[in-house]
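This report looks at one residue and at the sheet around it. The sequence and structure are shown first.

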Amino acid sequence: QVQLVESGGGLVQPGGSLRLSCAASGSILSINAMGWYRQVPGKERELVASITTGGSTRYADSVKGRFTISRSNRNTVSLQMNSLSPEDTALYYCKLDHWRPGTGSLINWGQGTQVTVSS
């Protein structure tokens with residue numbers, strides 16, 4: 001089984017920074033990509049940022065220049081969030097896109113970590 005453990009969420013004032021981390025463990029053989037998504041009540045979950053094993057990154061237009069995704073080791077992904085605004089308030093989810101022989105592509109999600117930007 002695969003587990004994703006997220007950390008780093010919390011309450012921050014507008015203009016502040018937070019760093020989210022996600023550690024994946026379990027039966028993981030080949031990782032295609034890891035990423036962060038966010039969701040607010042009544043809206044669909046949306047991509048914030050993702051990074052492939054090769055290091056290619058992708059960002060939502062709304063976070064470009066403010067957020068940076070990185071992988072500190074094979075199974076850990078972090079999201080540095082700067083210049084936060086109330087519009088960034090959401091439940092942030094870590095996503096693991098991996099592959100297993102005989103099964104093919106697999107997707108796992110973390111349980112989510114709340115980010116609240118408010119004065």
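## Burial of Thr 76

A residue counts as buried when its relative accessible area is under 20%, and as exposed when that area is over 50%. In this predicted model, Thr 76 has a relative accessible area of 15% and is therefore buried. Thr 76 belongs to strand 8, which covers residues 76-81.

## Surroundings of Thr 76

When neighbours within four places in sequence are left aside, the residues in contact with Thr 76 are Cys 22, Ala 23, Met 34, Ser 70 and Arg 71. A polar contact of 3.0 Å also links the side chain of Thr 76 with the side chain of Asn 73.

For Gly 55, which lies 21 residues from Thr 76 along the chain, the separation between the two C-alpha atoms is 13 Å.

Four strands form an open sheet in the order 1-3-8-7, and their pairing is antiparallel. Strand 1 (2-7) and strand 7 (67-73) are at the edges, where each has a single partner strand, so one side of each is left without a neighbour in the sheet. From one strand to the next, the twist averages 20 degrees.

Between strand 1 and strand 3 (residues 18-26), the antiparallel pairing extends over 6 bridges, and Ser 7 stands opposite Ser 21 of strand 3.

How values were computed
Residues numbered from 1 in each chain as written. Predicted model: local features only at pLDDT ≥ 70, side-chain atom pairs only at ≥ 80, totals over all residues. Heavy atoms only, no water. Helix = DSSP H or I, 4+ residues; strand = E, 2+ residues; numbered from the N terminus. Buried < 20%, exposed > 50% of the residue type's maximum accessible area, 1.4 Å probe, protein only. Contact = heavy atoms within 4.5 Å. Polar contact = N/O pair within 3.5 Å; in protein donor to acceptor, adjacent residues only side chain to side chain. Pairing = 2+ DSSP bridges. Axes fitted to C-alpha atoms, helices over the stretch in contact; angles between N-to-C directions.
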